[in-house]
Amino acid sequence: MPLVVGVRFKPVTKVYYFDPTPFENFQMEDRVIVETSRGIELGTVAMATREVPKSEIKSKLKRVVRPATPVDLLQAENFKAQESVALEKCNQLVTEMKIPIKVLQAEYSFDGSRLLFSFASEQRVDFRDLVKELARSLRTRIEMKQVGARDETKILDGYGRCGRRLCCSSWLTDFHPVSIRMAKLQGLPLAPAEISGMCGRLLCCLAYEDEMYAEMKKELPKVGTQVKTPQGGMALVRGLNILKEAVLLEVEGNDHYVEMSVAEIQVMQPDSKSRDKKEVNPPAKDTERDNGG
């Protein structure tokens, strides 16, 4: 199995594999200089040197150039300190040129040869003049990167409705698909204000318990199923409480719904004879349609 070391370039972001040869074992939080597709970069070890299955290696591993030296760290801090100045300059030019973008972040590369601006915009923007002016003022190569609503919120940070720091900026390294089906399965109100996060998209936390809800729902009768209550009466399932493993019942003779545990009720199976009869003798209209009538 290949020997790798996991490196992260910013907090709460994806971990990338690199070839540590010929250096000795790297430990967590070690700072390293690595070779990337964008040039030489400074990263932090997020996974100590170890062997991993070949199936986890998606492409040819790039190498670790060397462990970072005190000079490397001082240089990185120097460029880090200049990022706020660069961001202010960019925002000033955006205002003067009346470009409809929101500049979120400025990031220097390890050696200062490249400066990346992350921005948000609701439309396509021609920022060629902005790039030229920034390159002239800051004397480095300028790159612009448009980010989506989720990435914008991750950069800006904040606190969610739960009172805790946003998942995307505190620990979530990748965004997973979230669908309205997840909210329906959990019985949540479908009003956008109730199931949307600060980014305006569906809450990431809807996906955390989706698999558990799906598994638990399999053990519950479907809405509309006829059941028998402990008192011997008949009732119809009108709703589900998945977490409590209970159902909401419309009991014959009652004008209100009753909640009961699934363990207390008996699901009534459909009459097998009548079901078989329906399958053997389908409705005439279906026969005509199958025959092209």
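Reader: Which residues are buried in helix 7?

Author: The model is a predicted one, and burial in it is taken as under 20% relative accessible area. By that cut-off, the buried residues in helix 7 are Asp210, Tyr213 and Met216.

Reader: Within what arc do the buried residues of helix 7 fall, seen down its axis?

Author: In general, an α-helix has 3.6 residues a turn, so residues three or four places apart point the same way. Helix 5 (180–185) is included in what covers the buried residues of helix 7. Those buried residues line one face of the helix, because, seen down its axis, they fall within an arc of 130°.

Reader: Does Pro221 count as buried or exposed?

Author: Pro221 sits in the loop between helix 7 (210–217) and strand 9 (226–228), and, leaving aside residues up to four places away in sequence, Pro221 touches Val237, Leu240, Val247, Val262, Ile265 and Val267. Its C-alpha atom is separated by 9.8 Å from that of Gln266, which lies 45 residues apart from Pro221 along the chain. Since the relative accessibility of Pro221 is 9%, this residue counts as buried.

Reader: How is helix 1 oriented to helix 2: parallel, antiparallel, perpendicular or oblique?

Author: Helix 1 (residues 70–97) and helix 2 (residues 128–138) pack with their axes 11 Å apart, at an angle of about 140°. Angles over 145 degrees would count as roughly antiparallel, and therefore helix 1 is, relative to helix 2, oblique.

Reader: How many nonpolar residues does the contact of helix 1 with helix 2 have?

Author: The contact is made by residues including Ala86, Cys90 and Leu93 of helix 1 and Leu130, Leu134 and Leu138 of helix 2. By class, alongside one polar and three charged residues, the nonpolar ones number eight.

Key: Residues are numbered from 1 along each chain as its sequence is written. This is a predicted model: local features need pLDDT of at least 70, side-chain atom pairs count only at pLDDT 80 or more; totals for chains, interfaces and linings use all residues. Side-chain values use heavy atoms; hydrogens and water are left out. Axes are lines fitted to C-alpha atoms, for helices over the stretch in contact, and angles run from 0 to 180 degrees between N-to-C directions. Helices (H or I, at least four residues) and strands (E, at least two) are DSSP runs, numbered from the N terminus. Angles under 35 degrees count as roughly parallel, over 145 as roughly antiparallel, 65 to 115 as roughly perpendicular and the rest as oblique. Contact means heavy atoms within 4.5 Å. Ala, Val, Leu, Ile, Met, Phe, Trp, Tyr, Cys and Pro count as nonpolar, Asp, Glu, Lys and Arg as charged, and the others, Gly among them, as polar. Buried means under 20% relative accessible area, exposed over 50%, partly exposed in between (1.4 Å probe, protein chains only). The arc is that of the directions from the helix axis to the C-beta atoms.
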